[in-house]
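Thanks for coming. I will take one model today and go through its sheets, helix packing and aromatic pairs. Please have the structure open as I speak.

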Amino acid sequence: MRTFTFLARLVMAGTLSLGLAATASAQGAAYPTKPIRLVVPYPAGGATDVAARTLQPRLQEELGQPVIVENRPGAGGNIAMNNVALSPADGHSLAMTLTGMLSINPVIYKKAGFEAADFTPVARVSLAPLLLVVPEKSPYKNVKELLEAGKKAGKGGMAYGSAGAGGLSHLASESVNSHANGNFTHVPYKGGAPLVQALMANEVAWGLLGTGDVRSFIQSGKLKAIGQLRQGRSELWPEVPTLTEQGVPGGVDFDVWFGVVAPARTPAPVVKLLSEKIAKITAEPAFRQRLLDLGGVAPASGNTPEAFAEVLKRELAVLPKAAQEAGLQLD
């Protein structure tokens, strides 16, 4: 009798497992069954919102359901990310996030409310390199000259600007600063536009800014780009050498990326379908040209959840530590 009972339970467990697997597969096949929310952690009009709204029309065509861009700004992005993390993990609630949100926020906010593990990466949509920019009349022609000047000036002798304390611009700048013995003094500004103005007024010696913030100023000759923080030269700036080329080792690709993530435990078939659709869209010539017009580029290849996860893995190995060493705490 005991043997029969054990075998019966084993059969029932196997049947249940097959049923669950079939259900998960069916979910992937049926998805989506209703409109999809694409939540943006910032107000309308910003770079993250632009990435979402550039993707939205083609994604809803591919999925056959409305894709609704929903702006939920506040608390440095934490409100939106918590909203998505706590939503049903069925692929109908997604977030358009960006570099540093999952790696920096949980460290610098005591009550961020989420961690990177609360999300599963789907696909990246757009990349924009961080450029090391100096004023128009700066005497420094390359990054090596700038760092040497910083070393000679001593502690507090020269200032650099960031687009805000605790953000990617700040932490990536501190990575550069470490190669000048940490001598540069950080001056935070409230966004990229104020930093651009500070550079043109020669208030600071240098700053790191995304393409969207500085493209027109570089093209008009009002600012100079002397380096880009990425593994290889961007097609946006083929004439600007990387820091690695100039003898400054990196450790992480500091492109500002915008990408789609889903709540953890979203069924793998759903994640795979979403990733394949986004990868297809970002490979289309019309979409790529639209991004170029906006100052970004689409991922060149390998736009998969696994590749996106590797990007996050590299960030998590560098940015949280940098935030802690900088003593950043925003609440």
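I will start with the ground rules and then go element by element.

This is a predicted model, in which local features need pLDDT of at least 70 and side-chain atom pairs count only at pLDDT 80 or more, while totals for chains, interfaces and linings use all residues. Residues are numbered from 1 along each chain as its sequence is written, and side-chain values use heavy atoms, with hydrogens and water left out.

Helices (H or I, at least four residues) and strands (E, at least two) are DSSP runs numbered from the N terminus. Two strands pair if DSSP finds at least two bridges between them.

First, the open sheet. It has five strands in the order β2-β1-β3-β10-β4, and the pairing is mixed. At the edges are β2 (67–71) and β4 (119–128), each of which pairs on one side only. Ignoring direction, neighbouring strands of this sheet are turned by 25° against each other on average. For angles, axes are lines fitted to C-alpha atoms, for helices over the stretch in contact, and the values run from 0 to 180 degrees between N-to-C directions.

Strand β4 pairs with β10 (residues 256–263) in the antiparallel sense, over eight bridges. In that pairing, Phe 119 is opposite Pro 263 of β10. Helix α11 (residues 305–325) packs on the sheet and touches β4 and β10, with its direction at about 85° to that of β4. Contact here means heavy atoms within 4.5 Å.

Now α2. This helix lies across β1 (36–40), β2, β3 (93–98), β4 and β10, and runs at about 160° to β2. What does α2 (residues 47–63) pack against at an angle of about 160°, with the axes 11 Å apart? The partner is helix α10 (residues 285–294). That angle makes the two helices roughly antiparallel; the classes are under 35 degrees for roughly parallel, over 145 for roughly antiparallel, 65 to 115 for roughly perpendicular, and oblique for the rest. Val 50, Thr 54 and Leu 55 of α2 meet Phe 287, Arg 290, Leu 291 and Leu 294 of α10.

Helix α2 also packs with α9 (residues 268–282): the axes come within 10 Å and cross at roughly 125°. The two are therefore oblique to each other. From α2 the contact uses Leu 55, Arg 58, Leu 59, Glu 62 and Leu 63, and from α9 it uses Leu 274, Lys 277, Ile 278, Lys 280 and Ile 281. The crossing of α2 with α10 is right-handed, and α2 passes α9 in a right-handed crossing too. Right-handed means that the near helix is turned clockwise from the far one by less than a right angle, and left-handed that it is turned anticlockwise.

Next, β5. Is strand β5 (residues 130–135) enclosed or open? Six of its six residues are buried, so the strand is largely enclosed by the rest of the structure. Buried means under 20% relative accessible area, exposed means over 50%, and partly exposed lies in between, with a 1.4 Å probe and protein chains only. Strand β5 pairs with β8 in the antiparallel sense over four bridges, and Leu 132 stands opposite Leu 208 of β8. With β9 (residues 223–228), β5 makes an antiparallel pairing over five bridges, where Pro 135 faces Leu 223.

On to the aromatic rings. Rings of Phe, Tyr and Trp (its six-membered ring) pair if their centres lie within 6.5 Å; planes under 30 degrees apart count as stacked, over 60 as edge-to-face, and the rest as tilted. By this rule there are four aromatic pairs. In one of them, Phe 114 and Phe 119 have ring centres 5.9 Å apart and planes at 80°, so the pair is edge-to-face. Both of these Phe residues are buried. Tyr 160 and Trp 206 make a stacked pair, 4.7 Å centre to centre with 25° between the planes. This pair links distant parts of the chain, with Tyr 160 in β6 (residues 159–162) and Trp 206 in β8 (residues 206–210), 46 residues apart. Tyr 160 and Trp 206 are both buried, and together with Phe 184 they form one aromatic cluster.

Last, a loop residue. Gln 246 sits between β9 and β10, and at 17% relative accessibility this residue counts as buried. Its C-alpha is 7.8 Å from that of Asn 142, although the two are 104 residues apart in sequence.
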